[in-house]
Amino acid sequence: MIAISNRTASDPKARAGGLAVAVWEALKSSGGMWVGWSGKLVNETPRGVEVFRDDGVEFVLTDLTHNEYEQYYLQYANRVLWPIFHYRVDLASFDHKAFAGYAQVNQRIAQIVGDRAEPGDAVWVHDYHYLLMADCLRKVGWKGPIGFFLHIPFPAPEVFRAIPEHEWITRAMCAYDVIGFQSEQDRQNFIRHLIEDNGGEDLGDGRIRAFDRTVKVAAYPIGIDAEGFEAAGDTEEASIAAEKIGRFLGNRSLVIGVDRMDYSKGLPERFEAVGQLFDDHPELHGKVSVTQIAPPSRSKVEEYRELREQLDQLAGRINGDYGDLDWIPLRYLARSYTREELAGLFRVARVGLVTPLRDGMNLVCKEFVMAQTEEDPGVLILSEFAGAAEQLQSALIVNPYDRERVAETIYTALTMPVEERRERWQQLRQTVMEYDIGWWRNSYLHDLEAV
């Protein structure tokens with residue numbers, strides 16, 4: 001197994017959750033190889049690669065030049081693909097030179113893999129950084145199976161067509177043998193694009209014929225290390241975090257959100273809903289505290305700096321309007337916490353707010369579920385536009401754009417009887433346990449190995 005992703009788990013600290021756990025376990029079991037960016041920037045195109053082994057996994061890492069980083073990563077991946085795939089055409093900045101840089105990095109990584117791949121290997125490519133990778137690998141002579149998994153949403157065809165290079169990207173994607181998406185809606189969007197816009201033919205059983213290739217297209221909703229996260233809530237680190245926030249809370253109920261600082265997460269809309277909650281329910285003043293953890297993301301991109309300023313202003317206004325000498329209604333923490341600390345915070349929360357405007361899956365909602373206790377579980381509020389909403393129907397599902405409805409749903413969650421909370425949580429927990437990270441990895445690799 002040869003995995004390709006922009007960032008790898010070469011740093012042991014990066015093996016804590018999600019993608020890293022799934023790929024790491026798959027590569028360890030097969031003695032595989034992981035290829036990607038080293039995280040380093042250089043002035044000239046690197047002539048060699050850094051190769052080392054760790055616990056049976058061979059890492060093959062390459063540096064990026066400053067120009068490659070600018071065009072491939074900052075410009076095309078994060079200012080074209082990311083906004084378009086999250087339905088934000090208004091934030092996209094199209095640039096043919098950036099696409100050329102994106103294609104060049106895909107081809108360079110493909111050459112590194114092609115030089116090392118052997119008959120009998122299988123290649124597993126991850127995420128939007130490498131949409132062209134299969135086509136690039138075919139060009140360097142690789143004839144073996146290639147699978148691709150998209151960790152973010154795939155947009156509706158009419159949105160995807162806004163990308164000037166959409167036909168090139170689609171044709172290149174059809175060089176994969178298996179393409180996996182987070183949700184059934186994402187899968188349908190891609191199939192619609194192949195059939196309606198590119199003359200593709202549905203052969204049944206998830207197989208689509210397009211551009212003289214047959215590709216299997218399926219949904220594989222990613223899970224978490226469910227048992228591991230449940231155990232994280234019992235650690236000393238989790239207890240310390242719970243104790244710290246407990247001193248701040250007193251007898252108040254905690255509403256918590258944890259998201260990267262990204263415009264796809266719906267944070268301004270969430271803050272406005274919190275303000276609406278305190279507007280509509282003055283009886284909650286001094287009795288409920290909202291904590292939003294939002295570590296900075298992609299701080300070099302202008303839109304993210306503007307988002308940070310917007311959140312600062314909203315939090316300041318809410319606390320100024322509703323706060324008191326002994327009560328801060330909304331705590332906004334722009335820093336990250338460990339997996340164990342988050343498990344401790346989730347465990348004491350009465351409500352988990354997961355309301356992205358668009359999300360591939362969103363694993364935070366699954367972590368919130370696994371951190372709860374059976375005696376007194378919290379309530380999950382989940383956006384209908386998160387991929388997880390297809391699986392977690394026992395959550396309170398909301399439209400994140402509807403401020404008044406989100407506010408009222410928070411109130412419903414805060415006042416929900418414990419019997420209903422337990423019933424909803426048990427259904428959610430069963431789903432998260434059944435469709436965990438191991439299920440995701442095995443179901444995907446089963447289809448790739450069948451090629």
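User: Which rings count as a pair, and which residues do ring pairs link into a cluster?

Analyst: Rings of Phe, Tyr and Trp (its six-membered ring) pair if their centres lie within 6.5 Å; planes under 30 degrees apart count as stacked, over 60 as edge-to-face and the rest as tilted. Here ring pairs join Tyr-72, Tyr-76, Phe-99, Tyr-102, Tyr-130 and Trp-168 into a cluster. This is a predicted model, in which local features need pLDDT of at least 70 and side-chain atom pairs count only at pLDDT 80 or more, while totals for chains, interfaces and linings use all residues. Residues are numbered from 1 along each chain as its sequence is written, and side-chain values use heavy atoms, with hydrogens and water left out.

User: How many aromatic pairs does the structure hold, and why is the pair of Phe-52 and Phe-59 stacked?

Analyst: There are 33 aromatic pairs in the structure. The ring centres of Phe-52 and Phe-59 are 5.3 Å apart and their planes are at 25 degrees, so this pair is stacked. For accessibility, buried means under 20% relative accessible area, exposed over 50%, and partly exposed in between (1.4 Å probe, protein chains only). Phe-59 is buried at 0%, whereas Phe-52 is partly exposed at 27%. The pair Tyr-435 and Trp-439 has ring centres 4.9 Å apart and planes at 90 degrees, so it is edge-to-face. Tyr-435 is partly exposed at 27%, and Trp-439 is partly exposed at 29%.

User: Which charged end sits over the ring of Tyr-87?

Analyst: A charge sits over a ring if NZ of Lys or CZ of Arg is within 6 Å of the ring centre and within 35 degrees of the ring normal. Over Tyr-87 it is the charged end of Arg-358, 3.8 Å from the ring centre. Arg-335 sits over the ring of Tyr-337 in this way, 3.9 Å from its centre.

User: What is the phi of Asp-127, and is Asp-127 buried or exposed?

Analyst: Most residues other than glycine have a negative phi. Asp-127 has a positive phi, near 80 degrees. Its place is the loop between β5 (123-126) and α4 (133-139), where helices (H or I, at least four residues) and strands (E, at least two) are DSSP runs, numbered from the N terminus. Asp-127 is buried, at 14% relative accessibility. Asp-55 also has a positive phi, near 55 degrees, and lies in the loop between β3 (50-54) and β4 (57-65).
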